[in-house]
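Have a look at the model below before reading on.

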Amino acid sequence: MQSVDFFKNNLKLLLRIIKEVGTPVFVTDIAILKQKVANIQSAFNKNCLLFYAIKANFNPAIINILKEAGINGIETISPFEINLAKKLGFDNNQILFTGNNCDADELEQAKNSGVIVNLGSISELVSFAKRFHGTEISIRINPGFGDGEFKQIITGGKDSKFGIYHTQIHEALKIIKDNDLKLIGLHCHLGSGLYNTKNFTPMVDFMFKLANQIEGLKFIDLGGGFGVRYNPTDKEVDLTQFASVIDEHYEKYQSLKSNNIKIIFEPGKYLVAESTFLLTKITNIRDHNKQKIVGVNTGFNHIIRPALYSSYHHIINISKLDEVKEAVKIVGNICESTDVINENIELSNPKEGDILAILTAGAYCSSMSSLYNLRPYAPEVLINGNEFTITRERMNFEKAMYSMGFKNE
């Protein structure tokens, strides 16, 4: 994660980017991407495979950096994500498709693509079994509980739409047996934002115990969700705690070890979130009822997480790094009252024209962008030392029209 010192040391580079590309612009540090992959590789043993959740950020240049750093595969949720993973050189056995409320056509596309298909409901399982009798599958299990930073990103438990509920496992196994399907994988994902193993440990025990009773498994996918830092003062999540849980239960259930069952993790946010910040310009300042409101030239069309989850993103005024701070509210340029980026943050002497850096913007920001208000997608750049590369150019009106399927008049 970038510190004040980072912005002091790299201010000339960032000003070059702003001069050439303008604002708003997503800036991704290659060094952090590589470090995050290395963190996971050093914490977990070689029996654990790292599949990147491509939905977090599908910028091809970023994925190529992760691939060079040593990720083992890609977790996808749509046919287009499968296509992108293949285009970037990942083999079929390196791509896991975990759809959500898929219809028969989408399941057929996934199956015919040759990748590993992971089914998350009895309905999907029945639909798949009718068409692909005797083939290999994985199933996603909901253990009856979840975990995460906000209720909106908890993906386990009785209220979750994800996974085959644990009370339906026997029904699922019967469908698999009756249709001669080959169950090669079990999958579970508690949610996003795991900072300790309180709920992770019982999930691992549940999954390993279930896997211990099933013959022919090749892998257990334990999802992702490792926590990230949203404030420079936050401590980095201790991955070795999670690794210890895996090691302990791998020893406990001996058949998993004897059958060389692989353990897959599929982090998205952990790998990319802290690598990226969004540079934006202050365009307007208002004083309302003793509250200073700072308007900027970005909004939830680029960074929807605060509006969607009320999530916190730390913000630094890189134009005034050493000046006295004051509490302000930072709002975007989208015509919605919910377009609030930070409700209350200390910012250094904000003035119109200052450049702000919105941190931890590498996951579920660019990939969840929209053309709402017909404001274009933000361009993206990679930085490597003192150099930068534009990976997504600024969109003009003609390109915006084309992307929406309209012919240019």
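Thr-360 sits in the loop between strand S16 (355–358) and strand S17 (380–384); helices (H or I, at least four residues) and strands (E, at least two) are DSSP runs, numbered from the N terminus. This is a predicted model, in which local features need pLDDT of at least 70, side-chain atom pairs count only at pLDDT 80 or more, and totals for chains, interfaces and linings use all residues. Residues are numbered from 1 along each chain as its sequence is written, and side-chain values use heavy atoms, with hydrogens and water left out.

Most residues other than glycine have a negative phi, and most peptide bonds are trans. Thr-360 is not a glycine, yet its phi is positive, at about 50°. With a relative accessible area of 1%, Thr-360 is buried (buried means under 20% relative accessible area, exposed over 50%, partly exposed in between, with a 1.4 Å probe and protein chains only). Asn-373 is in the loop between S16 and S17 too, and has a positive phi of about 65° without being a glycine. Asn-373 counts as partly exposed, at 34% relative accessibility.

Helix H10 covers residues 239–252, and its 14 residues should span 20 Å at 1.5 Å a residue; the end C-alpha atoms are 20 Å apart, which agrees (the expected span is 1.5 Å times one less than the number of residues). Leu-239, Phe-242, Ala-243, Val-245, Ile-246, His-249 and Tyr-250 of H10 are buried. Seen down the axis, these buried residues fall within an arc of 155°, so they line one face of H10 (the arc is that of the directions from the helix axis to the C-beta atoms). Turned away from that buried side is a face with the exposed residues Glu-248 and Lys-252.

What do the buried residues of H10 pack against? Their partners include helix H3 (30–43), strand S2 (48–53) and helix H9 (200–211); contact means heavy atoms within 4.5 Å. The axes of H9 and H10 come within 10 Å and cross at roughly 30° (axes are lines fitted to C-alpha atoms, for helices over the stretch in contact, and angles run from 0 to 180 degrees between N-to-C directions). That makes H9 roughly parallel to H10 (under 35 degrees counts as roughly parallel, over 145 as roughly antiparallel, 65 to 115 as roughly perpendicular and the rest as oblique). On the H9 side, the residues that meet H10 include Phe-200, Val-204 and Phe-208.

Thr-76 belongs to strand S3 (residues 73–76), while Ile-82 is part of helix H5 (residues 79–87). Thr-76 is buried, at a relative accessible area of 0%, and Ile-82 counts as buried at 2% relative accessibility.

Which residues does Thr-76 contact, leaving aside neighbours within four places in sequence? They are Ile-54, Glu-81, Ile-82, Ile-95, Leu-96, Phe-97 and Thr-98.
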